[in-house]
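Here is a friendly walk through one protein model and its ligand. Take a look at the sequence and structure first, and then we will go through them together.

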Amino acid sequence: MASTTAPSELDARPFSKVLRESTRAVHEKANHSTYMDALLGGELQLADYTRLAVQYYFIYRTIEQVSDRMTGDEVGSRFVFDELRRLPSLRRDLAYLVGADWESAIEPLPATMAYCQRIREVSAEWAGGYVAHHYTRYLGDIAGGQIIRRLLENTYGVQGPGTLFYHFDRLDSAPAFRDRYRARLDAAPWSEAERERVVAETLIAFECNVAVFDELDAEIGERTHP
Ligand code: HEM
């Protein structure tokens with residue numbers, strides 16, 4: 001029987017486009033959080049960036065542990081890319097930024113712990129949740145992250161170790177990879193309802209990042225205005 005319901009606007013657009021457009025406002029919020037504005041404005045010290053790299057270590061350790069579990073999942077496995085893995089780079093960055101004993105010296109912020117718990121919980125029962133968190137971090141690192149790489153190099157004088165997190169040497173071409181990634185988002189066999197759920201979880205993923213930035217900002221505030 002022919003449906004009398006016109007396809008919604010969400011139906012008509014490729015899902016990658018829906019996701020990008022749906023997260024535009026929260027992307028602005030994240031990238032203009034007080035912490036990010038101060039970092040990009042060159043107003044912080046390298047130690048303040050190190051605190052972010054520490055949070056990334058816990059966040060990527062969690063996402064990449066989930067990636068390992070997704071290899072057998074019909075949908076999740078389409079979003080497992082060994083060439084993206086950030087943990088090896090983060091380990092080398094932290095050895096440089098924190099020191100040889102970095103592993104015993106670092107702890108996650110409460111917002112980071114909550115973020116990691118969210119990733120674990122939502123991915124445990126649903127590959128779409130994993131994809132939402134994966135998309136939010138890795139596509140952001142490949143694009144906007146390159147601005148932070150240049151900042152570290154030009155403003156803080158850090159080259160190589162300390163910036164490796166932003167080196168995607170195993171990608172032949174970042175734009176080509178992004179296109180390939182978007183094609184996978186478009187082709188994932190999600191119903192309209194599940195797509196909406198992926199969008200909703202992606203918004204949560206962005207908010208988790210904002211919460212981490214806010215705690216980093218509060219830490220800096222305590223140091224500069226005790
Ligand atoms: C440092 C501040 C940031 C800057 C300057 C920045 C800048 C950018 C730029 C220029 C793009 C490319 C847009 C396009 O291809 O149309 C992008 C994409 C993206 N950014 Fe950011 N960004 C920042 C922070 C963030 C943060 C904090 C997140 C989330 C944690 C994030 C997540 C994303 C995502 C997921 C995309 C891919 C959008 C898509 O193509 O679907 N960005 N960003």
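Which side chain makes a polar contact with the side chain of Asp141?

## A contact at Asp141

The partner is Tyr60: its side chain and that of Asp141 make a polar contact at 2.3 Å. A polar contact here is a pair of N or O atoms within 3.5 Å; within protein, one must be able to donate a hydrogen and the other to accept it, and residues adjacent in sequence count only if both atoms are side-chain atoms. Asp141 belongs to helix 9; helices are DSSP runs of H or I with at least four residues, numbered from the N terminus. Asp141 is buried because its relative accessibility is 2%, where buried means under 20% relative accessible area, exposed over 50% and partly exposed in between, with a 1.4 Å probe and protein chains only.

## How to read the model

This is a predicted model, in which local features need pLDDT of at least 70 and side-chain atom pairs count only at pLDDT 80 or more, while totals for chains, interfaces and linings use all residues. Residues are numbered from 1 along each chain as its sequence is written, and side-chain values use heavy atoms, with hydrogens and water left out.

## The iron and its donor

His27 (NE2) is the only protein donor of the ligand's iron atom, at 2.1 Å. Donors are N, O and S atoms within 2.8 Å of the metal (3.2 Å for Na, K and Ca); water is not among the atoms, so sites may look incomplete. His27 lies in helix 3, residues 24–31, and an N or O atom of the His27 side chain is also 2.9 Å from a nitrogen atom of the ligand.

## Around the ligand

The shell around the ligand holds 20 residues, and Arg20, His27, Asn31, Tyr135 and Arg182 come nearest; a residue is near if one of its heavy atoms lies within 4 Å. Helix 9 gives the largest share, five residues. By class, the shell has 10 nonpolar, six polar and four charged residues. Nonpolar covers Ala, Val, Leu, Ile, Met, Phe, Trp, Tyr, Cys and Pro, charged covers Asp, Glu, Lys and Arg, and the others, Gly among them, are polar.

Among the elements that give two or more residues to the shell are helix 10 (145–154) and helix 12 (192–224).
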